[in-house]
Amino acid sequence: MRLILLGAPGAGKGTQASFICQKYGIPQISTGDMLRAAVKAGTEMGLAAKKIMDAGGLVSDEIIIGLVKERITQADCANGFLFDGFPRTIPQADAMKAAGVKLDLVLEIDVPDTAIIERMSGRRVHVASGRTYHVKFNPPKVAGQDDVTGEELIQRKDDEEATVRTRLEVYQAQTRPLVDYYGEWAATGDAQAPRYRKISGLGTVEEITGRALEALTS
Ligand code: AP5
Ligand code: ZN
């Protein structure tokens, strides 16, 4: 299974990705997590990306496409993968098409902007694994600690309300066009086109996982 999770910042892509990847035994390829790892490692690329990410903008297509192309050649991708937060622009989607990367499904998680601000402000993450919690909606077993390792949870720099608003604007301008891109491609009946499914991202985490797993097999 090779799939794309599409959705606004805070739609729950990362949260649902872990369930889907566990069920299908495929790796989660989150460009956001890859960039945060580069920031943490202090690489040149990470330092350049940090400024852009903290401001809520998008890192250049060239860097992202390079990262992803390299990642999908690794052995654990042989049986498929899940893209979380990629592609995010038309050129990124075109690059996958041009490279002949065959995708099975695009799953859109739809959440209104009003719910997103609340989700972001309560989000806490375990940086090393990318595991995501919410202080109210999806709390860890012990406040401030990762369930698996017991390590400290942090708040992402780009989760401040003003930055979240910028990220939502960037999503509308640059990423939302991919809804039509993949929707229209699927409608052509082209054998290379991935199926397109849209689910509501409102409800409990478990409810959305149920919808997502159903969409994957329908
Ligand atoms: P990235 O890390 O991809 O961020 P994003 O797309 O903005 O998405 P988020 O991680 O914020 O949200 P999510 O949908 O994963 O939601 P989550 O599951 O965490 O990218 C960060 C930055 O990196 C970008 O701004 C950009 O600069 C750069 N970047 C990354 N990829 C790039 C690319 N391809 N090209 C260019 N630049 C790129 O859930 C959010 C919160 O809600 C959590 O607290 C969660 O616990 C909670 N929650 C989840 N589900 C529910 C529910 N059902 N009910 C209530 N709360 C819920
Ligand atoms: Zn995420």
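Biologist: Which residues of helix H5 are buried?
Modeller: In H5, which spans residues 90-98, Gln92, Ala93, Ala95 and Met96 are buried. Buried means under 20% relative accessible area, exposed over 50%, and partly exposed in between, with a 1.4 Å probe and protein chains only. This is a predicted model, in which local features need pLDDT of at least 70 and side-chain atom pairs pLDDT 80 or more, while totals for chains, interfaces and linings use all residues; side-chain values use heavy atoms, without hydrogens or water.

Biologist: Where do those buried residues fall around the axis of H5?
Modeller: They fall within an arc of 155° when H5 is seen down its axis, so they line one face of the helix. The arc is taken from the directions between helix axis and C-beta atoms.

Biologist: And what do the buried residues of H5 pack against?
Modeller: Helix H4 (61-71), strand S3 (81-84) and helix H8 (177-187). Contact here is heavy atoms within 4.5 Å. Helices (H or I, at least four residues) and strands (E, at least two) are DSSP runs numbered from the N terminus.

Biologist: How exposed is aspartate 94?
Modeller: Aspartate 94 is in H5, and its relative accessibility is 35%, which means that it counts as partly exposed. Its C-alpha atom is 22 Å from that of asparagine 79, 15 residues away along the chain.

Biologist: What comes just after H5?
Modeller: Glycine 100, with a positive phi of about 70°.

Biologist: Anything to note in the loop between S3 and H5?
Modeller: Proline 87 sits in that loop. The peptide bond between phenylalanine 86 and proline 87 is cis, with omega at about -10°.

Biologist: Different topic. Which residues come nearest to ligand 1?
Modeller: Thr15, Gly57, Arg88, Arg123 and Arg167, out of 36 residues around ligand 1. A residue is near if one of its heavy atoms lies within 4 Å. On labels, residues count from 1 along each chain as its sequence is written, while chains are lettered from A and ligands numbered from 1 in written order.

Biologist: Which polar atoms approach the ligand's oxygens?
Modeller: Arginine 167 has a polar side-chain atom 2.6 Å from an oxygen atom of ligand 1. From the backbone, an N or O atom of glycine 10 lies 2.8 Å from a ligand oxygen, and a polar atom of glycine 12 lies 3.0 Å from one. The cut-off for such a pair of N or O atoms is 3.5 Å.

Biologist: Then back to helices: which residues of H2 are buried?
Modeller: Thr31, Gly32, Leu35 and Ala38. Down the axis of H2 they fall within an arc of 125°, so they line one face. On the other side, Lys40 and Ala41 are exposed.

Biologist: What packs against the buried residues of H2?
Modeller: Strand S2 (28-30), helix H3 (44-55), H4 and S3. Just after H2, glycine 42 has a positive phi of about 70°.

Biologist: Last one: is valine 179 buried or exposed?
Modeller: At 12% relative accessibility, valine 179 counts as buried. Valine 179 lies in H8 and touches Leu6, Glu108 and Tyr196, leaving aside residues up to four places away in sequence.

Technical notes: A polar contact is a pair of N or O atoms within 3.5 Å; within protein, one must be able to donate a hydrogen and the other to accept it, and residues adjacent in sequence count only if both atoms are side-chain atoms.
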